[in-house]
Amino acid sequence: MFSIQDEVECYIACINEGGLLPLIGISMILALLMFTIYFKSRKPLTRLSSFVAGQLFIISAIAEIVYAMQCSQMLSIEIYLGYVTLSTAIILLLPRVYYKVLIKRHDARPITEIMDWPQEFVNGLDTKSNVYYYDSAVPRAFASGKAIFLSLGMLELVDETELKAILAHEVWHIRYNSRTPILRQLALMSFTKNRSEDELETLADMFAEKVVSRNALESARAKMS
Ligand SMILES: [Zn+2]
């Protein structure tokens with residue numbers, strides 16, 4: 001019977017023989033680099049692409065290891081299955097917990113602490129989501145998971161009708177999040193000053209126009225530029 005130690009020794013010897021060690025090393029280093037960028041970056045799109053790239057380098061390293069293996073296939077298969085299980089769990093869970101990271105990072109507070117109507121407006125749109133505000137002069141509005149974030153700068157910049165249009169836009173993102181690709185859910189769904197060509201953004205705008213008005217949406221955008 002094989003012990004784990006025998007298996008590991010056999011495993012390392014096999015990889016050495018195959019001559020793929022430098023290639024595997026490079027893949028591992030690149031994966032590490034991507035995950036470092038993922039953890040350091042604050043830009044949602046950079047985070048998303050580095051996360052995906054990191055995953056791809058890990059998978060290619062595993063493929064190289066499996067290819068280099070001549071004696072025992074067992075350990076590599078176990079490592080591979082373990083990795084797939086773990087990364088799938090992370091990808092499925094991350095969108096559900098990421099908003100909690102954002103609350104901490106921005107030191108966000110429930111909007112009901114300063115005013116009631118935005119939360120009531122969102123409740124009226126029939127989506128279970130919570131509205132938060134945070135202290136920043138930069139006007140920003142975005143959604144993640146089931147949370148909508150508004151900066152104080154945004155609250156000061158727009159009037160009530162414009163804010164309703166922004167909230168409706170974000171509510172649409174939250175409502176249809178589950179239908180968008182899982183990796184897209186990791187990106188923040190922001191309200192930006194420029195009308196986006198993206199299909200999801202267009203649909204979010206159409207919903208906001210229906211619930212509030214096109215004028216409110218456009219004047220909110222105009223104020224941001
Ligand atoms: Zn949007």
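Reply: Gladly! Let's start with Lys164, which has 23 other C-beta atoms within 10 Å. This is a predicted model, and Lys164 has its place in helix H7.

Me: Why is Lys164 called buried?

Reply: The label needs 20 or more other C-beta atoms within 10 Å. Lys164 has 23, so Lys164 counts as buried.

Me: Which residues does Lys164 touch, leaving out those up to four places away in sequence?

Reply: Lys164 touches Phe121, Val212 and Ala216. Phe121 and Lys164 are 43 residues apart in sequence, while their C-alpha atoms are 7.5 Å apart in space.

Me: What makes H7 and helix H10 roughly perpendicular?

Reply: H10 covers residues 214–224, and its axis comes within 8 Å of that of H7, with a crossing of roughly 95 degrees. Angles from 65 to 115 degrees count as roughly perpendicular, and therefore H7 and H10 get that label.

Me: Which residues of H7 and H10 meet there?

Reply: From H7 come Thr161, Glu162, Lys164, Ala165 and Ile166, and from H10 come Ala216, Leu217, Ser219 and Ala220. By class, this contact of H7 with H10 has 5 nonpolar, 2 polar and 2 charged residues.

Me: Which residues make the contact between H7 and H9?

Reply: H7 brings Ala165, Ala168, His169, Trp172 and His173, and H9 brings Leu203, Ala204, Asp205, Phe207, Ala208 and Val211. Sorted by class, they give 8 nonpolar, 2 polar and 1 charged residues.

Me: Let's turn to the strands. What is the order of the strands in the open sheet?

Reply: The order is E1-E2-E4-E3-E5, with mixed pairing across the 5 strands.

Me: Why do E1 and E5 count as edges?

Reply: Each of them has a single partner strand, so one side of each is left without a neighbour in the sheet.

Me: How do you know that strand E3 pairs with E4?

Reply: Pairing takes at least two bridges. E3 and E4, residues 147–151, have 4 bridges and run in the antiparallel sense. In this pair, Ala143 stands opposite Ile148, and Ala141 stands opposite Leu150. The two strands form a hairpin with 2 residues between them, and Gly145 in the turn has a positive phi of about 60 degrees.

Me: What joins E3 to E5?

Reply: There are 2 bridges between E3 and E5, residues 189–190, and these strands run antiparallel. Phe142 has Ser190 as its bridge partner in E5.

Me: What makes both faces of E3 covered?

Reply: Ala141 and Ala143 on one side of E3 (residues 141–144) are buried, and Phe142 and Ser144 on the other are buried too.

Me: Which strands does H7 lie across?

Reply: H7 lies across E3, E4 and E5, and runs at about 20 degrees to E3.

Me: To finish, how many helices and strands are there in the protein?

Reply: There are 10 helices and 5 strands, and 25% of the 225 residues count as buried.

Key
Residues numbered from 1 in each chain as written. Predicted model: local features only at pLDDT ≥ 70, side-chain atom pairs only at ≥ 80, totals over all residues. Buried ≥ 20, exposed ≤ 12 C-beta atoms within 10 Å, placed from the backbone. Contact = placed C-beta atoms within 7 Å. Nonpolar A, V, L, I, M, F, W, Y, C, P; charged D, E, K, R; others polar. Axes fitted to C-alpha atoms, helices over the stretch in contact; angles between N-to-C directions. Parallel < 35°, antiparallel > 145°, perpendicular 65-115°, else oblique.
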